[in-house]
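Please examine the sequence and the structure shown below. The report after them is written for a reader new to this structure.

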Amino acid sequence: MLTSWGTAILPGIAPTLDHYKLAFDHHLDAVAAERQYDNRLTIVSYEGSTKPQWAAEAAAYIAWRDAALDYMFDQLAAVQAGEIAPPTIEEFIGGITPIAWPN
């Protein structure tokens with residue numbers, strides 16, 4: 001299977017750490033793009049913005065990103081410890097709690 005970001009995952013083969021990392025980064029960028037930011041790096045640069053809406057979006061994104069990172073590290077540690085089977089990329093990304101954007 002060729003993912004939307006161009007890396008191949010062969011049928012019957014578990015994704016590698018690089019696959020999970022690329023998928024995670026792609027997801028972070030896609031969530032930032034929901035509010036018209038170029039990517040994950042751009043949105044966090046608005047923390048402390050003089051525009052209250054932009055600052056609020058950056059704060060919400062940073063809190064969400066941190067929780068998503070906790071999830072990612074927990075999942076990867078559980079796989080490495082043999083506690084869970086390696087999830088598919090879709091399962092892995094699907095387990096990330098959706099962001100709650102400010103109004």
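The sections below treat the basis of the model, its salt bridges and one further residue.

## Basis of the model

This is a predicted model, in which local features need pLDDT of at least 70 and side-chain atom pairs count only at pLDDT 80 or more, while totals for chains, interfaces and linings use all residues. Residues are numbered from 1 along each chain as its sequence is written, and side-chain values use heavy atoms, with hydrogens and water left out.

## Salt bridges around Arg40

The structure contains 5 salt bridges, a salt bridge being a side-chain nitrogen of Lys or Arg within 4 Å of a carboxyl oxygen of Asp or Glu. One of them brings together the side chains of Asp25 and Arg40, at 3.6 Å from N to O. This pair links distant parts of the chain, since Asp25 belongs to helix 1 (residues 17-33) and Arg40 to helix 2 (residues 40-44), 15 residues apart. Helices are DSSP runs of H or I with at least four residues, numbered from the N terminus.

Arg40 also meets Asp29 in a salt bridge, with an N to O distance of 2.8 Å. Here too the pair links distant parts of the chain: Asp29 lies in helix 1 and Arg40 in helix 2, 11 residues apart.

## Accessibility of these partners

Asp25 has a relative accessible area of 15% and is therefore buried. The term buried means under 20% relative accessible area, exposed means over 50%, and partly exposed lies in between (1.4 Å probe, protein chains only). Arg40, at 25% relative accessibility, counts as partly exposed. Asp29 is likewise partly exposed, at 24%.

Asp66 counts as partly exposed because its relative accessibility is 35%, and Arg65 counts as partly exposed at 23%. Elsewhere, salt bridges that share partners join Lys21, Asp25, Asp29 and Arg40 into one network.

Where is Glu90 found, and is Glu90 buried or exposed? Glu90 is part of helix 4, which covers residues 89-94. With a relative accessible area of 52%, Glu90 is exposed. Between Glu90 and Tyr20 there are 70 residues of separation in sequence, while their C-alpha atoms are 9.9 Å apart in space.

Terms used. Helix = DSSP H or I, 4+ residues; strand = E, 2+ residues; numbered from the N terminus.
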